[in-house]
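Subject: Structure handover

Hello,

Here is the structure I said I would pass on. My notes follow below it.

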Amino acid sequence: ALPFFVVAQPVSKFVCGGADLMLPGVRGMSHESLKVGSLAAVKVAGNALPFAVGVVLFDPATATVAEGRVLQLLQTYCDGLWEAGGEFQPNSGFEADQVHPFEDGGVCG
């Protein structure tokens, strides 16, 4: 499993729109090491499934300022790659342009 960043629900709309993840939007992260240049996922707090993947630009655990890009976006829910794959909705928290918490956190049946 990829290490991951956790964001609040409103941040998902920007990331789903193609914006890189900015440090002020990060609410938490996995305990695995987030190394610069490695891949990491993005999840909404309260939804166990990731909705984006990107390249880590710097380790927020060692950041001295609370600003800047932490993840360069590579792929996100609702982008062209997702559309080419059949537009599967991972769970009911995934909407057209953003992701919401989902109590079950799992995949829809």
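Is Asn47 buried or exposed? Asn47 is buried, at a relative accessible area of 3%. Its place is the loop between strand 4 (39-44) and strand 5. The side chain of Asn47 has a partner there: a polar contact of 3.0 Å joins it to the side chain of Asn91. Please keep in mind that this is a predicted model.

Overall layout

The protein has two helices and six strands. Along the sequence they follow the pattern β-α-β-β-β-β-β-α. There are 109 residues, and 40% of them are buried. The exposed surface comes to about 5900 Å². Carbon and sulfur atoms supply 58% of that surface. Take the contacts between residues at least 6 apart in sequence: 54% of them join residues at least 24 apart.

As background, strands of a sheet pair through backbone hydrogen bonds, in a parallel or an antiparallel sense. Here are the pairings I noted.

- Strand 2 and strand 6 run antiparallel and are joined by two bridges. Leu21 has Leu71 in strand 6 as its bridge partner.
- Strand 5 (residues 52-56) and strand 6 are also antiparallel, over five bridges. Ala52 is bridged to Thr76 of strand 6, and Gly54 stands opposite Leu73 of strand 6.
- Strand 4 and strand 5 pair antiparallel over four bridges. Ala41 stands opposite Val53 in strand 5.
- Strand 1 (residues 4-7) and strand 4 pair in the parallel sense, over four bridges. Phe4 has Ala41 in strand 4 as its bridge partner.

Phe4 has another contact to look at. The charged end of Lys43 sits over the Phe4 ring, 3.9 Å from the ring centre.

The aromatic pair

How many aromatic pairs does the structure hold? It holds one. The partners are Tyr77 and Phe94, arranged edge-to-face. Their centres are 4.8 Å apart, with 80° between the planes. The pair links distant parts of the chain, 17 residues apart. Tyr77 is in the loop between strand 6 (69-76) and helix 2 (80-84). Phe94 is in the segment after helix 2. Tyr77 counts as buried, at 7% relative accessibility. Phe94 is buried too, with a relative accessible area of 2%.

Gln9 lies in helix 1 (residues 9-16). Its side chain makes a polar contact with the side chain of Gln98, at 2.3 Å. Leaving out neighbours within four places in sequence, Gln9 touches Val44, Gln98, Val99, His100 and Pro101.

Asp97 lies in the segment after helix 2. What does Asp97 touch, not counting residues up to four places away in sequence? The answer is Ser12, Lys13 and Cys16. With Lys13 there is a polar contact between side chains, at 3.4 Å. The C-alpha atoms of Asp97 and Cys16 are separated by 6.2 Å, although the two residues are 81 apart along the chain. Asp97 is partly exposed, with a relative accessible area of 33%. Asn47, by contrast, is buried at 3%.

Where to look

One is the Asn47 and Asn91 side-chain contact. Another is the edge-to-face pair of Tyr77 and Phe94.

Best wishes

Note on methods: Residues are numbered from 1 along each chain as its sequence is written. This is a predicted model: local features need pLDDT of at least 70, side-chain atom pairs count only at pLDDT 80 or more; totals for chains, interfaces and linings use all residues. Side-chain values use heavy atoms; hydrogens and water are left out. Buried means under 20% relative accessible area, exposed over 50%, partly exposed in between (1.4 Å probe, protein chains only). Contact means heavy atoms within 4.5 Å. Accessible areas come from the Shrake-Rupley method with a 1.4 Å probe; for residues, only the protein chains shown count as cover. Rings of Phe, Tyr and Trp (its six-membered ring) pair if their centres lie within 6.5 Å; planes under 30 degrees apart count as stacked, over 60 as edge-to-face and the rest as tilted. A charge sits over a ring if NZ of Lys or CZ of Arg is within 6 Å of the ring centre and within 35 degrees of the ring normal. A polar contact is a pair of N or O atoms within 3.5 Å; within protein, one must be able to donate a hydrogen and the other to accept it, and residues adjacent in sequence count only if both atoms are side-chain atoms. Two strands pair if DSSP finds at least two bridges between them.
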